[in-house]
Amino acid sequence: MPTEIRTCLLPLLSQPDEFSGSVAVILDILRASSTIAYALNSGAKSVVPCQEVEEAHLVAERLRKSEGAQVLLGGERLGVMIEGFDLDNSPARYPAEIVDGKSIVFTTSNGTRALKRAFQAKRILIGSFLNLDALVKELSNLDGIICLVCAGTDGSVTGEDCLCAGAIAVELQNLSDQALALDDSTRIVADYYRLQTSKEDGILSAMRASIGGRNLIQRGFETDIQLCSQRGLISAVPEFKQASGKITL
């Protein structure tokens, strides 16, 4: 079991070297981390995260030349598909018939930036409600420090990331036979998760009411909230490999 859980409510609230030696879990529930997990579970060969749109175009061009790989460009800015890209940031757009066997070069407003912030961690895992059971199992077999990295929305703390961070913290606590060290941010998200799950349909309602949820509803992506709130659809944990720059299962 891990000995300590820390929660970063926004990437910019932590310095990159603070992740050194830890296992970082990237949480962008609406929608990047959910979409990454969904795409890889649908058979995508890998997801290559990029911070900038131009970077994504260059990486995709290099992959096509060097590997002859079938490459798709996916992601969003301001919640909508980037001009010239193949796919947006909705997990529903990444079924097997579209992504199986292909590499996806991926850039989003929040999630891929959070991942880059945690680059000094010894391992970087991708978390969501979709793969929560597999993630908790994986984390329970580790030791040391777990850092839960909430991506936020446009520089603001957002409820859906905190909710998933709280779920991870609570469930690891329940599995441990000794007290885990929790920082104050982890205590806050754990209490938030307990509060919301005490209500009927609490997770979905909380996600709809969050900044990220309200933004998706406003832009016509309400069905994505329903999909991203489902637990246990995916039994694998994506991991970013620093050496290759790719996320794989």
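**Cysteines and loops**

Modeller: Cys8 is buried, with a relative accessible area of 6%. (Buried means under 20%, exposed over 50%, partly exposed in between, using a 1.4 Å probe and protein chains only.) This is a predicted model: local features need pLDDT of at least 70, side-chain atom pairs need 80 or more, and totals for chains, interfaces and linings use all residues. Residues are numbered from 1 along each chain as its sequence is written, and side-chain values use heavy atoms, without hydrogens or water.

The sulfur of Cys8 has its closest cysteine sulfur in Cys150, 7.3 Å away, so it is too far for a bond. Cys147 is also buried, at 5%. Its closest cysteine sulfur is in Cys8, at 8.1 Å, again too far for a bond. A disulfide needs two cysteine sulfur atoms within 2.5 Å. By this rule, the count is 0.

Now the loops. Thr108 sits between strand 6 (103-107) and helix 4 (111-117). (Helices, H or I of at least four residues, and strands, E of at least two, are DSSP runs numbered from the N terminus.) Thr108 is buried, at 0%. It touches several residues, including Asp28, Cys50 and Arg113. Such a contact means heavy atoms within 4.5 Å.

Most residues other than glycine have a negative phi, and most peptide bonds are trans. Leu78 has a positive phi, near 55°. It lies in the loop between strand 4 (71-77) and strand 5 (80-81), and it is exposed, at 62%. Asp201 has a positive phi of about 55°, and it is partly exposed, at 48%. A cis peptide bond joins Leu30 and Arg31, with omega about 15°.

Definitions and conventions
Lists of a residue's contacts leave out its neighbours within four places in sequence.
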